[in-house]
Amino acid sequence: MTTKMKKLKALRFHFLVNHVRGASVPLGPAEDEDQEDLEIIETDSLFTQRRNSGALNPAGELSQHVSNSEDSIEPMLSDASSILRINQIHQIAEYLPPRLVQCTWKLAYSALRHGTSLRTLYKGTLGLDCCTLTVIKDTCGQVFGAFCSAPLKVSLSYYGTGQTFLFSFSPHLKVYRWTCGNSYFVKGSIESLVFGGGRGHFGLWVDEDLHHGRSQRCDTFDNDILSTDEDFLINDLEVWALS
């Protein structure tokens, strides 16, 4: 063992004994020469023991703080939904664009309140300049729908952006995002409303009376059938304006 190591070992023993007694350890000329080596003695300090045991964990405390902050962020609804439960609203909110994290959900249309008519639905979203969330509940109790980066309207061609997606609770939330296969996001007419398409298949289609619907795998979203069956009957339908 070298002379330097002997000094360090003796100093370590001296430090530990005096640390237990509550005494301070004087530093002399010999200790100053090896000041960097003395830092290893601090591994026996009370702070390090608490840190290693988990009693003091700044990173853990920060993580807990961030988690609590995120839990407090939730959408604000203008009305109660007759379709979505609170936990389902929170799940969908996680997939919305970041700018909509704390947005207000305004009920623009409800089949139960406003009647079952596609014309009435368009009137509810007329003049809006915001994203929309269409939610459907079929007669078998299945809940599904579509998020669109624009208000619903009558259009000559498909519109929207790649932020559009389809979703279904079956029973857990499944989200189907844009595949980049085509740009058939949304198309509205007096006769029907369509989300996603390609080769004669529609991701989600509803008729003018908002009574019959259809869901098929489409190129836009490569989605599974959203409803209980490919052809379904609508029990309730809501459109939420997100801003």
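**Contacts, cores and aromatic pairs in the predicted chain**

The model is predicted, so local features need pLDDT of at least 70 and side-chain atom pairs count only at pLDDT 80 or more, whereas totals for chains, interfaces and linings use all residues. Residues are numbered from 1 along each chain as its sequence is written, and side-chain values use heavy atoms, with hydrogens and water left out.

Ser 227 is located in the loop between β10 (212-214) and β11; helices (H or I, at least four residues) and strands (E, at least two) are DSSP runs numbered from the N terminus. With a relative accessible area of 5%, Ser 227 is buried, where buried means under 20% relative accessible area, exposed over 50% and partly exposed in between (1.4 Å probe, protein chains only). Apart from residues up to four places away in sequence, Ser 227 touches Asp 138, Gln 142, Phe 144, Ser 215 and Phe 232, contact being defined as heavy atoms within 4.5 Å.

The chain as a whole contains seven helices and 11 strands. Of its 243 residues, 39% are buried. Its accessible surface amounts to about 14,100 Å², and carbon and sulfur atoms account for 53% of this area, as computed by the Shrake-Rupley method with a 1.4 Å probe, where for residues only the protein chains shown count as cover. Where contacts join residues at least 6 apart in sequence, 59% of them link residues at least 24 apart.

The largest nonpolar core comprises 28 residues, and the members that touch the most others are Leu 121, Phe 195 and Leu 237. Such a core is a set of buried Ala, Val, Leu, Ile, Met, Phe, Trp, Tyr and Cys residues joined through side-chain atoms within 4.5 Å. Two or more residues are supplied to this core by each of α7 (118-125), β4 (143-148), β8 (192-195), β9 (204-207) and β11 (231-242). The largest contribution, four residues, comes from β11. Beyond its neighbours within four places in sequence, Leu 121 contacts Tyr 109, Leu 152, Leu 210, Leu 237 and Val 239.

Seven aromatic pairs are found in the whole structure; rings of Phe, Tyr and Trp (its six-membered ring) pair if their centres lie within 6.5 Å, and planes under 30 degrees apart count as stacked, over 60 as edge-to-face and the rest as tilted. Tyr 158 and Tyr 184 make a stacked pair, with 4.8 Å from centre to centre and 25 degrees between the planes. Because Tyr 158 belongs to the loop between β4 and β5 (165-169) and Tyr 184 to the loop between β6 (173-176) and β7 (186-188), the pair ties together parts 26 residues apart in sequence. Tyr 158 is partly exposed at 25% relative accessible area, and Tyr 184 is likewise partly exposed at 37%. An edge-to-face pair is formed by Phe 165 and Phe 167, at 6.5 Å centre to centre and 65 degrees between the planes. Phe 165 is buried at 1% relative accessibility, and Phe 167 is buried at 0%. Phe 165 and Phe 167 belong to one aromatic cluster together with Phe 147 and Phe 169.

Charged side chains also sit over aromatic rings. Lys 153 is placed over the face of Tyr 159, 4.9 Å from the ring centre, and the charged end of Arg 214 is over the ring of Trp 205, 5.9 Å from its centre. The criterion is that NZ of Lys or CZ of Arg be within 6 Å of the ring centre and within 35 degrees of the ring normal.

Asn 182 lies in the loop between β6 and β7 and is buried, its relative accessible area being 13%. Its side chain reaches the backbone oxygen of Gly 197 at 3.1 Å and makes a polar contact with the side chain of Thr 220 at 2.6 Å. Neighbours within four places in sequence aside, Asn 182 contacts Gly 197, Gly 198, Asp 219 and Thr 220. Asp 219 also takes part in a polar contact of 2.7 Å between its side chain and that of Arg 199. Arg 199 occupies the loop between β8 and β9 and is exposed, with 73% relative accessible area. The C-alpha atoms of Arg 199 and Cys 218 are 7.9 Å apart, although the two residues are separated by 19 residues along the chain.

How values were computed: A polar contact is a pair of N or O atoms within 3.5 Å; within protein, one must be able to donate a hydrogen and the other to accept it, and residues adjacent in sequence count only if both atoms are side-chain atoms.
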